[in-house]
Amino acid sequence: MKTINMKTLSLQWITMGVLSFAACAQEAGSPKIDEGKIHVDRSGSGSLPVLSESKRKECMERGEEASSALMLNLGKQLKASMAGGDLMAAIAVCQSAAQPITSATGETFQGLSVSRTSLRVRNSDANRPDATDREILTQWARLSAQSQDIEPGIVQVSGTTVRYYRPVFVQEACLKCHGPVEFIEKDVRDFLAEAYPDDEATGYEEGDLRGAFRVDIDLDESVQPFE
Ligand code: HEC
């Protein structure tokens, strides 16, 4: 299984001209793009105010903190629900608790909201990727196919919002509910078919990229964008 070494986190920063903020955009220079493994190329469609290196670092830290909290909270719940060995009970807990835990975790951080997404989602109501998510996840899938490391990164999505992404990989414990279909118990398969008729989140192998933790950082409330 791939792990992330937090010490080697590199700072990645991309400004995206996805929305035009002409009023607050700095005139000088076009947005800097491709300073890391995440590359979002929307050049030419407007520019955004450029954040300082220290603010970008702060966004990375805030994202890392909030995504770690979500990972811990969901992990604890999964472990507890699977401890009794009753997979059907565990999956019912996942279905009912994953979203409340996700929003509650976000609420403990001022100006942040956390969520999860993937190119192949189970819960298409809550976790469906948007265009930016797709771009990031597609690049990560490419890196993953080339056995390259995937590192967390940030993307500026508007003049007031930065989004932090952190990869999630499949572990052995995930396979009971996300592994190859023939590997999943029939009861579980039936439950999934009923609860998530559009489920795309099976067929994974250990070590595969499953998706991302996503942290939306409101710059006005969480990280003051300018000194
Ligand atoms: C007991 C069954 C079960 C196990 C084990 C399980 N999951 Fe899930 N997973 C679910 C269900 C149910 C959902 C949909 C719940 C939701 O997010 O609303 C889900 C959703 C997700 C999502 C959100 C994206 C989506 O597809 O909707 C991610 C990411 C995810 N799981 C990763 C993992 C990882 C990584 C592991 C192993 C550490 C794991 N899961 C183990 C049942 C499970």
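Visitor: Hi! How many helices and strands are there in the protein chain?
Guide: The protein chain has five helices and five strands, taken as DSSP runs numbered from the N terminus (helices H or I, at least four residues; strands E, at least two). This is a predicted model, where local features need pLDDT of at least 70, side-chain atom pairs count only at pLDDT 80 or more, and totals for chains, interfaces and linings use all residues. Residues are numbered from 1 along each chain as its sequence is written.

Visitor: Thanks! In what order do the elements run?
Guide: From the N terminus they go β-α-α-β-α-β-β-α-α-β.

Visitor: On to the ligand: which residues come nearest?
Guide: R122, N123, N127, C174 and C177, out of 26 residues around the ligand; a residue counts if its C-beta atom, placed from the backbone, lies within 6 Å.

Visitor: And which element gives the most to that shell?
Guide: That is α2, with seven residues.

Visitor: What about α2 and α5, how do their axes cross?
Guide: The axes come within 10 Å and cross at roughly 25 degrees; they are lines fitted to C-alpha atoms over the stretch in contact, with angles from 0 to 180 degrees between N-to-C directions. So α2 is roughly parallel to α5, the word for angles under 35 degrees.

Visitor: Nice. Which residues meet there?
Guide: L87, M88, I91 and Q95 of α2 meet D187, V188, F191 and A195 of α5, contact being C-beta atoms, placed from the backbone, within 7 Å.

How values were computed
Angles under 35 degrees count as roughly parallel, over 145 as roughly antiparallel, 65 to 115 as roughly perpendicular and the rest as oblique. Two residues are in contact if their C-beta atoms, placed from the backbone, lie within 7 Å.
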